Every structure is written in structure tokens, then in C-alpha cells.
Amino acid sequence: MEKIDPWGVSQIKNYQAMREQFGIDQFNFNLEGNRFSERSLLVGHRDFQLIKRAMERKEKFYAMTGLMPSGEMHLGNKAVMEMMIYFQRKGAELHIAVADLESYVTRDVDLESAKNIAIENFLLNYIAMGLKPCNFYFQSESFRIQKFANVLSKEVNMSEMKAIYGFEDSKKMLEINSPLIQASDILSPQIYGEPAPTIVPVGADQDPHIRLTRDISKRFSSLRIQDSKGTRISIGGKADAELAFSAAEKIMKKHGLAQITKNSKYRTLESPGRPSDQDAFNLDLVREEREFNPLATVPPSSAILRLETGIKGGKMSKSVPDSTISLNETPQEAGKKIMKALTGGRESVEEQKKLGGNPYNCPVFELYMYHLSESAADLKKVENECLSGTRLCGGCKKEASELMGEMLTSLKEKRESSRHLVKEFMDFGSK
Ligand code: SF4
């Protein structure tokens with residue numbers, strides 16, 4: 001059994017087991033021009049087909065992420081932002097929440113310091129990486145996010161939070177509440193805008209937040225599709241039955257479903273058939289429901305990234321600074337860490353030349369995979385040389401240090417030349 005702790009530092013050992021345990025689908029989509037997809041670093045998804053569909057048809061979709069302003073942005077945070085930028089280029093409307101309330105309660109960072117960290121360590125790096133203006137906001141300043149989190153809390157109880165997060169009695173109330181604030185972040189673009197698919201790219205350790213938010217979204221819906229050989233919709237909540245029946249019937253007919261049977265006692269509508277395009281049917285149902293239920297949302301989708309290994313093992317996390325490289329570090333500092341990294345090398349040089357190394361259990365190879373090899377051919381070269389024993393760990397780490405130095409230097413230069421753009425993000429958020 002995999003235990004997933006969004007705030008912990010342990011690595012996930014078996015992604016197949018994780019998918020089976022938590023009902024996550026394998027990521028089999030090919031995202032052109034996305035290195036994480038091309039290098040099989042996307043290890044799962046929930047309803048990603050809705051996002052693929054929106055991208056292909058140029059339909060509206062949102063992309064959402066958050067950042068915890070309690071330290072420097074590191075390599076482990078970079079992949080999620082690259083995914084966000086990818087979705088922005090593909091037409092997504094972006095929302096980025098600064099979880100300053102969470103860093104206040106869990107890391108004792110006051111709100112003013114959190115703001116400074118969010119801008120200096122995160123936003124400037126995001127802009128340097130290519131992010132364009134979008135809704136970048138602070139949870140503590142967003143009344144509507146907090147208000148909606150309170151609304152959501154109506155449908156979640158403590159035993160559920162304990163089951164998902166393993167919360168113990170010693171947890172502070174704001175910590176317990178923080179997943180609800182995140183759920184509010186994720187659903188708010190639809191609540192305050194129109195219902196549409198929402199992609200949340202996450203590290204595998206963040207899946208509990210997606211699970212909770214999807215469940216909450218479904219609980220607030222009135223038109224609920226139930227398991228059935230055909231199509232069965234139950235009218236949930238306190239929805240006006242007649243309004244709900246007529247909305248559901250309209251969409252069933254629109255999608256060619258016939259022989260619709262209405263059961264007023266059990267508040268259900270049934271048809272023996274199934275829509276030919278189930279995703280379009282589901283989306284239409286939410287849009288139609290929105291006419292009478294302001295809390296109807298499309299459950300968020302996720303693209304789940306394999307967790308990057310820290311250079312000393314474990315999960316790359318700011319809680320373990322020696323194992324993590326921050327984007328604001330100097331090339332010298334980063335280089336020193338890389339030279340001390342764990343590797344998949346053999347006991348001796350002779351053995352490595354004879355048997356080759358193991359790049360699949362090597363944090364240095366991961367640096368190439370996630371950050372340093374620009375092309376698939378570059379990465380293949382490192383892999384083949386390692387496997388054949390023509391590449392030795394000392395030289396490999398030195399090369400990785402140099403490439404990392406170039407990347408950090410380039411980011412620093414771009415950060416400095418991007419500072420004037422920060423205001424655009426702040427203004428955009430207040431629009
Ligand atoms: S040669 Fe490079 S990729 Fe291979 S095990 Fe050593 S450090 Fe890792």
C-alpha cells in the first residue's frame with residue numbers, strides 16, 4: 001500500500017500500485033512538444049481526456065496550480081510550472097494561488113514575508129520560464145476564495161479529512177481547513193466564471209487534493225450520472241425536481257437518447273441507450289445544470305507528474321535543502337551539491353566500464369531527464385553511454401553541474417530583466 005502525504009518527504013515506490021489503489025488512470029496521451037509526456041514522466045491522470053479534447057477543439061479550459069511561499073522555488077516545483085506554461089500556450093486560462101495562509105500556519109511565515117517570497121522566488125522564476133500574465137493571487141487577500149471554502153466545508157466532515165490526509169487531533173484548524181481552501185482555488189474559476197474542464201498538473205504526492213476536490217464537486221451537483229448499463233441520472237441535493245428533470249431530459253434528447261423513463265419517487269431519469277460521446281454529454285449536463293444550480297462544476301482533471309528524486313535520495317523537497325537545488329542558487333552552490341549526489345554507478349570504475357551504470361536508479365540521470373537534456377537525442381546519448389559503461393559518474397556529474405550552471409545563470413538573467421512585468425501580474429489578479 002502506498003501512503004501519499006502531500007506534506008511529507010517520502011518517495012512513491014510503485015506508481016502502478018498507486019494507480020490501482022487510488023483509481024488513477026495511466027497517462028497514455030501524447031502531448032506534442034511536452035518533454036514530460038515525451039519522457040514518460042507523466043504517470044497518471046484523472047479525466048485528462050477532457051483537457052485533450054478542449055485543446056484540440058480550442059474550447060475553453062482552465063489550468064490551476066498553487067505555490068507555498070515558505071522557501072525558495074526548487075527544481076521539484078519547476079516541472080509543474082512548465083506544465084502550466086505548456087497549457088497556457090495551448091489556450092488555457094491560468095489561475096495561480098499563493099497559499100500564504102497555509103505557509104503562515106504550517107511554516108510560521110508571516111503574510112508580508114510570504115508575499116515577498118512568492119514574488120522574488122516564484123513569480124519572477126515563472127516569468128523567466130515564459131509565463132504570461134494570468135490570475136496570480138494571494139489566498140489571504142481573496143475574500144471570494146475564503147468564502148467559497150466555507151461553502152464547501154458544509155459537505156466535508158472530519159472523518160473524511162482523517163481518512164484522506166491522516167490528520168491527527170493535534171492538527172490546527174487552519175491546517176485542517178487548508179485542503180478546503182485549495183478545493184476552493186481549484187473550483188473557483190468555474191464558480192466565478194463558466195463551467196469548463198480544469199487541469200491541475202500535480203506531483204503524485206498531491207493527488208489527495210484532487211480526489212477531495214472531485215468528490216466535493218460531485219456532491220454539489222444536482223444531476224448525477226449513476227452506474228448503469230444504459231444512462232441513469234439521479235436528481236440529487238435540494239434541486240427543484242421539475243427544473244432538474246427538464247434539464248436532464250433536454251440533454252438526453254440532445255444526445256440522441258430515446259425511451260426516457262422518469263421516476264418521480266426515486267428522482268431518476270433512465271434510458272437504455274448511451275450517448276455516443278460520453279464526455280460531451282457530461283459537459284453539456286453540467287452546463288445545463290448551471291442554469292439552476294450556481295454550484296455545478298466539472299470535476300477537475302489532473303495530469304500527475306512522477307516525483308523527482310532529491311539528489312541525496314527521497315523526494316526533492318525544500319525540507320531537505322542538501323538534496324534540493326533552488327532556482328535562486330548560484331551555479332557554484334548547485335554544482336557542489338551535484339558533485340555529492342547519489343548515483344546509479346558501480347562500486348569501482350573498472351566494474352562500471354565492464355557492466356555499465358544504472359541510470360534508472362540515479363538522481364543525476366533524473367536531472368538530465370527533467371531539466372538538462374533539451375532534446376530526446378541528448379538524453380538517449382547519456383542513457384546509452386551510462387548503460388554501456390563509456391560514461392563514468394564523475395564526468396557525468398561534472399557535465400550535469402555545468403549544464404545546471406548554465407540553466408541557473410540564464411534564469412537569473414531573465415529574472416532580472418523581467419522584474420518590470422511583476423506589476424502586470426498583480427494588476428491582472430485584481431481585475
Ligand atoms: S554515469 Fe551518470 S547517469 Fe550513469 S549512473 Fe553515473 S551519474 Fe548516473
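Predicted model: local features only at pLDDT ≥ 70, side-chain atom pairs only at ≥ 80, totals over all residues.

Colleague: How many salt bridges are counted between domain 1 and domain 2?

Modeller: The count between domain 1 and domain 2 is one salt bridge. Between these domains there are also three residue pairs in polar contact, both residues at pLDDT 80 or more. On the side of domain 1 that touches domain 2, helix 3 (48–57) and helix 10 (207–219) each supply at least two residues. Helix 3 gives the largest share of that side, namely four residues. Sorted by class, the side of domain 1 that touches domain 2 holds five nonpolar, one polar and four charged residues.

Colleague: Which residue ranges does the domain assignment give for the protein chain?

Modeller: The assignment gives domain 1 as 15–220 + 298–308, domain 2 as 223–289, and domain 3 as 329–420. Taken over C-alpha atoms, the centres of domain 1 and domain 2 are separated by 30 Å.

Colleague: How is the size of an interface often given?

Modeller: It is often given as the accessible area that is lost when the parts come together. In this case, about 750 Å² is buried between domain 1 and domain 2, and carbon and sulfur atoms give 51% of that area. Of the area that domain 1 buries against domain 2, 48% is supplied by Arg53, Pro195 and Val298, more than by any other three residues. In terms of residues, ten from domain 1 are in contact with eight from domain 2.

Colleague: Let us turn to single residues. Is leucine 212 buried or exposed?

Modeller: The general idea is to compare the relative accessible area with a cut-off: under 20% is buried, over 50% is exposed. Leucine 212 has 0% relative accessibility, so this residue counts as buried. Leucine 212 is placed in helix 10.

Colleague: Which residues is leucine 212 in contact with, leaving aside its neighbours within four places in sequence?

Modeller: Those residues are Val156, Glu160, Met161, Ile164, Tyr165 and Pro179. Tyrosine 165 shows the contrast between sequence and space: 47 residues separate it from leucine 212 along the chain, while the C-alpha to C-alpha distance is 10.0 Å.

Colleague: Finally, I would like to look at backbone angles. What is the phi of serine 40?

Modeller: Serine 40 is not a glycine, yet its phi is positive, about 60°. Serine 40 is found in the loop between helix 2 (35–38) and strand 1 (42–46). With a relative accessible area of 55%, serine 40 is exposed.

Colleague: Where is lysine 58 placed, and what is its phi?

Modeller: Lysine 58 is in the loop between helix 3 and strand 2 (62–67). Its phi is near 55°, again a positive value in a residue other than glycine. Lysine 58 counts as exposed, since its relative accessibility is 75%.

Definitions and conventions: Residues numbered from 1 in each chain as written. Heavy atoms only, no water. Domains from an automatic or database assignment. Contact = heavy atoms within 4.5 Å. Buried area = accessible area lost by both parts, 1.4 Å probe. Salt bridge = Lys/Arg side-chain N within 4 Å of Asp/Glu carboxyl O. Polar contact = N/O pair within 3.5 Å; in protein donor to acceptor, adjacent residues only side chain to side chain. Nonpolar A, V, L, I, M, F, W, Y, C, P; charged D, E, K, R; others polar. Buried < 20%, exposed > 50% of the residue type's maximum accessible area, 1.4 Å probe, protein only.
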